[in-house]
Amino acid sequence: MKRVLYLLMLLMGALLWSCEEEFIPEITTDPNAIVVEGYIEAGSRATPPFVILTRSIPFFQNINTDGFDGLFVRDAKVEVTNGDQTVQLTELCLQELSPEQQAIAGQLLGFDPDSIAFNFCAYVDLSFSMIGEEGEQYDLRIEAEDKTLTASTTIPPHVPLDSLRFIEPPGTPNDTLAELRIFLADPAGQRDFYRYQTEINSAGFQSPIGSVVDDRLFDGDTFEFPLAKAEDRNAEFDPATFGLYRRGDQVGVKWINIDEPHFNFWNTLEFTLANQGPFSNYTRVDSNIEGGLGIWGGLSASYYELEVPEEPE
């Protein structure tokens with residue numbers, strides 16, 4: 001009887017295996033797809049809308065800095081509407097600006113102009129007549145290279161952090177590193193989507209892999225959890241220091257609320273980045289851009305600055 005059962009199990013396994021359909025994802029080789037990365041922010045550092053437009057490239061094509069200039073989409077018509085007004089964004093390219101203007105653009109877009117070795121271009125509302133506001137919807141329309149792209153985003157109400165504190169990291173006592181813990185009182189009865197970035201010694205905010213979370217598991221609760229430091233993705237991975245902060249450093253935290261489509265974009269993108277290799281699952285990155293790829297996202301944010309204590313508390 002045991003032998004018969006064993007043979008039946010083998011037969012069932014073979015049948016199930018034979019019923020599996022091989023999934024071969026479509027590989028886009030069209031280099032003319034337009035990729036959008038655009039944001040508008042509300043909060044203490046509210047910003048006007050800005051949009052970066054580039055072209056997609058084939059998956060197997062080699063990338064080098066000499067070809068970056070040609071990836072930017074130039075001479076596009078980019079408009080943002082909030083229901084009351086429409087603003088047209090102005091194209092700005094880094095190498096066409098004075099050093100003073102480059103510094104202002106770097107502050108607005110969040111990068112160090114001296115670290116860019118190519119002609120970075122973006123579309124910005126220079127009139128500053130439309131600033132991000134919580135509860136508003138913002139519609140994007142782009143006309144470029146005989147294509148029309150559209151997208152909509154909302155800026156949700158902001159939920160600030162209750163408090164932040166540094167503690168000793170788990171494991172062996174360490175007098176040079178600390179772990180950051182945050183406390184959040186999540187509002188009950190509504191879906192909230194969060195994202196965060198960190199900054200070390202005013203070097204610019206960076207996003208960790210795993211920067212987004214929703215309140216599915218802690219809706220309406222006051223919740224404590226560690227906030228890992230965003231690591232330089234070009235640096236060698238060190239499990240002993242990963243996500244921890246060095247004592248004496250000045251730390252900045254950008255705590256962000258986003259809507260669900262914006263969350264889905266980062267969630268699927270970061271899942272793909274964290275699960276690479278020949279045995280990883282295939283994941284298609286979500287996009288809210290009609291007619292193209294990428295993200296048009298609204299966000300509300302608060303900023304926190306604190307120093308990592310020199311001595312464990």
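Glu 311 lies in the segment that follows strand β16 (293-307), strands being DSSP runs of E with at least two residues, numbered from the N terminus. The model is predicted, with local features requiring pLDDT of at least 70 and side-chain atom pairs counted only at pLDDT 80 or more, while totals for chains, interfaces and linings use all residues. Residues are numbered from 1 along each chain as its sequence is written, and side-chain values use heavy atoms, with hydrogens and water left out.

Glu 311 has a relative accessible area of 59% and is therefore exposed (buried means under 20%, exposed over 50%, partly exposed in between; 1.4 Å probe, protein chains only). On the surface, Asp 175, Glu 307, Glu 310 and Glu 311 gather in a patch of negative charge (residues with over 30% relative accessible area and no salt bridge, like charges being joined within 9 Å).

The whole structure contains 14 salt bridges, each defined as a side-chain nitrogen of Lys or Arg within 4 Å of a carboxyl oxygen of Asp or Glu. One network of salt bridges links Arg 165, Glu 179, Arg 181 and Glu 224. Within it, Glu 179 pairs with Arg 181 at 2.7 Å, N to O. Glu 179 is buried at 12% relative accessibility, whereas Arg 181 is partly exposed at 22%. Arg 181 also meets Glu 224, at 3.2 Å, N to O. This pair links distant parts of the chain, with Glu 224 in strand β13 (residues 222-226) and Arg 181 in strand β10 (residues 177-185), 43 residues apart.

A further salt bridge joins Asp 214 and Arg 191, with the closest N and O atoms 3.0 Å apart. Asp 214 is in strand β12 (residues 212-214), and Arg 191 is in the loop between β10 and β11 (193-200).

Definitions and conventions: Patch = residues over 30% accessible without salt bridge, like charges linked within 9 Å, V, L, I, M, F, W, Y side chains within 5 Å. Areas by Shrake-Rupley, 256 points an atom, 1.4 Å probe, with all protein chains shown as cover. Lys, Arg positive; Asp, Glu negative; His and termini not counted. Charge placed at Lys NZ, Arg CZ, Asp CG, Glu CD. Helix = DSSP H or I, 4+ residues; strand = E, 2+ residues; numbered from the N terminus.
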